[in-house]
Amino acid sequence: MGSKRLPAFNHSNNDNREKKPNRKEILEKKKAIDDLIKAASADKHPLDSFPSFRHFHKNGLSVYLESGCGDKLSSPTKKYIMGLLKANMEGPYGSEWPTVEKAKRREMVMPEARYIFVHEAPNASSDEILTMSERKETLTVCLENKGSMVGFVQYRFTLEEEIPVLYVYELQLEPHVQAKGLGKFLMQLIELIARKNRMGAVVLTVQKANLLAMDFYLNKLRYIISTISPSRVDPLIGDEKSYEILCKAFDCEAEAIFEIGIG
């Protein structure tokens with residue numbers, strides 16, 4: 001009897017693991033990702049999938065949410081967005097603000113920009129516990145008689161390091177609605193929207209000088225400083241930059257790229 005040999009399929013398995021994708025496979029993957037982002041961006045009413053997130057009724061605060069698109073903003077809404085951005089962000093950006101403000105004005109109205117607007121619920125008692133039918137009735141009244149806007153989230157579906165992600169451009173709230181759980185509520189919604197649309201991660205940029213925001217994302221929401229953030233790409237360069245890129249990955253591929261740094 002001859003010496004035993006490993007079955008041939010063991011060798012082919014090793015070969016398969018080491019085999020790099022060919023051009024056709026790369027193009028097919030790229031098309032699939034492009035189609036994923038297009039489909040996600042085409043949904044103009046993301047709140048329809050998460051009706052329980054249309055209202056936030058807690059901690060002495062009663063608000064409702066409404067979605068929007070960058071190329072459909074009214075003039076008053078544009079003015080509100082830029083006013084709140086200046087009030088909240090001029091301090092953290094410091095001398096960079098005039099340049100940043102111009103960039104944010106352009107980003108605000110891009111067709112791919114998506115929004116979640118936060119309105120105070122008119123004539124609503126913050127201590128009430130509403131039934132589902134009462135919530136629907138309140139929402140109808142709110143949409144017909146819009147209460148004052150008190151904040152917004154701006155986001156996009158895009159590619160980062162060839163991974164489809166939901167990138168949060170802004171989460172801005174007026175001071176009197178902060179520290180009531182609303183920011184966490186909005187980010188929970190954003191993560192649900194990202195997962196529903198099969199994004200690999202939620203990614204966002206935070207100014208280092210914005211200590212409250214850094215604490216909010218890193219400690220309260222458990223985001224991490226991404227491997228694509230300047231401080232992790234090159235600590236020397238990172239020290240010169242005024243921002244960090246944070247992330248929360250939802251699958252192994254995104255985790256390898258954004259959290260572990262395996263590319």
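**Cavity lining.** I listed the residues around the largest cavity of this predicted model. Its lining consists of Ala40, Asp43, Pro46, Phe50, Tyr155, Phe157, Ile193, Lys196 and Asn197. I then looked up which elements supply at least two residues of that lining, and noted β4 (149-160) and α6 (182-196). Sorted by class, the lining of the largest cavity has 6 nonpolar, 1 polar and 2 charged residues.

**Cavity count and volume.** I searched the whole structure for cavities of 30 Å³ or more and got 1. For the largest cavity I noted a volume of about 40 Å³.

**Largest pocket.** I turned next to the open space. The largest pocket holds about 1,000 Å³. I counted 34 residues in its lining, and those nearest the pocket centre are Leu171, Gln172, Asn210, Ala213 and Tyr217. Which element gives the most to this lining? I found that β5 does, with 7 residues. The elements that each supply at least two residues to the pocket lining are α3 (75-93), α4 (97-108), β5 (163-173), α6, β6 (201-207) and α7 (211-220). By class, the pocket lining has 19 nonpolar, 8 polar and 7 charged residues.

**α3 against α4.** I recorded the crossing of α3 past α4 as right-handed. On the α3 side, the contact is made by Lys78, Ile81, Met82, Leu85, Lys86, Met89, Glu90 and Tyr93. On the α4 side I listed Trp97, Val100, Glu101, Lys104, Arg105 and Met108. By class, this contact has 8 nonpolar and 6 charged residues, with no polar ones.

**Glu259.** I looked up one residue by itself. Glu259 lies in helix α10, which covers residues 252-260. Which residues does Glu259 touch, if those up to four places away in sequence are not counted? I listed Ile224, Thr227, Arg232, Cys247, Lys248, Ala249 and Ala254.

How values were computed: Residues are numbered from 1 along each chain as its sequence is written. This is a predicted model: local features need pLDDT of at least 70, side-chain atom pairs count only at pLDDT 80 or more; totals for chains, interfaces and linings use all residues. Side-chain values use heavy atoms; hydrogens and water are left out. On a 1 Å grid over the protein atoms alone, a cavity is a set of points where a 1.4 Å probe fits but cannot get out, and a pocket is an open set with protein on both sides within 12 Å along at least five of seven lines; lining residues have an atom within 4 Å of a point. Grid points are joined across faces, edges and corners, and a volume is the space filled by probe spheres set on the points. Helices (H or I, at least four residues) and strands (E, at least two) are DSSP runs, numbered from the N terminus. Ala, Val, Leu, Ile, Met, Phe, Trp, Tyr, Cys and Pro count as nonpolar, Asp, Glu, Lys and Arg as charged, and the others, Gly among them, as polar. A crossing is left-handed if the near helix is turned anticlockwise from the far one by less than a right angle, and right-handed if clockwise. Contact means heavy atoms within 4.5 Å.
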